[in-house]
Amino acid sequence: MPRTTAAGEPVPVPEAAGEPLRTARPPRQATGLRQRLAELRGPATVPHPMDARALAALAANPGCRRRALLDGAGVDKGALASALGAPANFGQSQFAHQRGNSFEARVKADGGADLVRLLHERLRDGSEAPGPGAVATPDLTAPGPQGRTARTALALREATEAGRWALLDHPMVSLDVAGSPAFLEPDAVVVHPDGSWTVVEIKSFPMVDGSADPAKVGAAARQSAVYTLALERVASMIGRPPEGGGDAAAREGSVTPAEAASVRARVRHHVLLVCPKDFSNLPTAEMVDVRKQLAVTRRQLDRLTRIEEIAAALPEGTTFDLRLTDDGRTPTRPVEELMAAVEAVDAAYAPECLSTCELAAHCRTRSRAAGRVEALGRGVRGELGGLTTMDAVLTAAMERPADDTPTGDPTVDALRRAAALRAEALASRPEAVACR
């Protein structure tokens, strides 16, 4: 039976070795979802692409139905936040973007030969180093994201079957996110002679004395885990090694050498992080184990509510269309309508969202206005249990019975004990000013 994504996009299906990839025909029922997503973002609005950074942030907060729907529908959250009067205050500066592009171009110079040699040095697996002209660089040009995704899958299969080094510069892979396809573009993917694949992540932050900022490395690892997860899907389509290994099967004659090469594709769980060395523009690299991030991302994405379920629960006529003017810059939709549309979808705000989501400033304002404890952080929210608002917390802390009998609720008892200690401290210092 032909395979498709939940949104109905055709999925490349590998045929026997040596045959071209074909695409499966999307089912009819997927047309309704695509139409509904187009209505949500606006019929004349081009879908905003979802990158791995946004996907990693979504996986880190799977309870946010608002972000899942907006990202799945391709809504430009930055433009939406600006129209709501709460623009995002994060992002990469133009100077940093240019510096990153310049460094990436230097890393990939000479057809990626230096990059592959750098990877070979960090592997330390005793394999033979790639010689001059040993690195293939397949052309990944194709029309549209679906075409590029299919072309990448074909290039990966051909490079795996060839049994030689290959560098795929900015390939495109897809990943199903809550029933909608997300197209992702890693910096590079290296195919090893043994048929394994390594994700390459190129960053412009420095690596000083062999180490970099742990927070930035962690963010790069989470981003790379998303690429690894998407590539595992492609590898599973190409095939997996039979028992005894593909080479053994080829020697026994049960499969051809080309078939043996095609079934041993696998994605390595160590990615190559390339950064500037110290404060120069020379590249250095380290292998980063992303197995933990991969497991977390896979688990969190599985927990995401499917987009069609979220969309079906919305009031009829809900749309996030900004109704831009002909110049494509000025929204004409009344702010009250946009506010009602956004509030129709539940959000799961946390202070961490401020560095990962364009709508975070709006969600923070609404969370504070409603007095929700989520505005204080996930840790505080978890400690307070069933007390979900500031008023409920203050009421539980200040309403103390005369006999001071425990309530049986450890959270309420802890709050009342803290309030009693605070009152005693203030009583011992009459000159102190009580907090308000």
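These are my notebook entries on one predicted model.

**Entry 1: the whole chain**

I began with the overall make-up. The chain has 436 residues, and 43% of them count as buried. I looked up the secondary structure next and found 17 helices and 10 strands. Last came the surface. The chain exposes about 22,700 Å². Carbon and sulfur atoms supply 52% of that area.

**Entry 2: the nonpolar cores**

How many residues does the largest nonpolar core have? I found 77. I noted the residues with the most contacts inside this core: L55, L69, L80, L156, L184, W197 and F320. Which element gives the core its largest share? Helix α8 does, with 11 residues. I also found a second, separate core of 17 residues. Among its members are V107, L115, V116 and V190.

**Entry 3: helix α3**

I went to α3, which covers residues 65–73. The buried residues are R66, R67, A68, L69, L70, D71, G72 and A73. I noticed that charged residue names such as R66, R67 and D71 are on this buried list. L69 is also one of the residues with the most contacts inside the largest core. Just after the helix, G74 takes a positive phi of about 80°.

Most residues other than glycine have a negative phi. I then looked up two residues with positive values.

R124 has a phi near 50°, and R124 is not a glycine. I placed R124 in the loop between α6 (113–123) and α7 (144–162). Is R124 buried or exposed? Its relative accessible area is 64%, and exposed means over 50%, so R124 is exposed.

D278 also has a positive phi, about 50°, without being a glycine. I found D278 in the loop between β9 (270–276) and β10 (283–289). Its relative accessibility is 29%, so D278 counts as partly exposed. That value falls between the 20% and 50% cut-offs.

I picked two pairs and looked up both separations.

A219 lies in helix α8, residues 214–238. At 34% relative accessibility, A219 counts as partly exposed.

The second pair is G179 and L304. They are 125 residues apart in sequence. C-alpha to C-alpha, I read 9.2 Å. Where is G179 found? It is in the loop between β4 (173–177) and β5 (180–184). G179 counts as buried because its relative accessibility is 0%, and buried means under 20%.

I ended with the second largest pocket. Its volume is about 290 Å³. I found 18 residues lining this pocket. Which of them are the closest to its centre? They are R41, T45, D321, L322 and L324. I sorted the lining by type as well. The lining has 9 nonpolar, 5 polar and 4 charged residues.

Notes. Residues are numbered from 1 along each chain as its sequence is written. This is a predicted model: local features need pLDDT of at least 70, side-chain atom pairs count only at pLDDT 80 or more; totals for chains, interfaces and linings use all residues. Side-chain values use heavy atoms; hydrogens and water are left out. On a 1 Å grid over the protein atoms alone, a cavity is a set of points where a 1.4 Å probe fits but cannot get out, and a pocket is an open set with protein on both sides within 12 Å along at least five of seven lines; lining residues have an atom within 4 Å of a point. Grid points are joined across faces, edges and corners, and a volume is the space filled by probe spheres set on the points. Helices (H or I, at least four residues) and strands (E, at least two) are DSSP runs, numbered from the N terminus. Buried means under 20% relative accessible area, exposed over 50%, partly exposed in between (1.4 Å probe, protein chains only). Accessible areas come from the Shrake-Rupley method with a 1.4 Å probe; for residues, only the protein chains shown count as cover. A nonpolar core is a set of buried Ala, Val, Leu, Ile, Met, Phe, Trp, Tyr and Cys residues joined through side-chain atoms within 4.5 Å.
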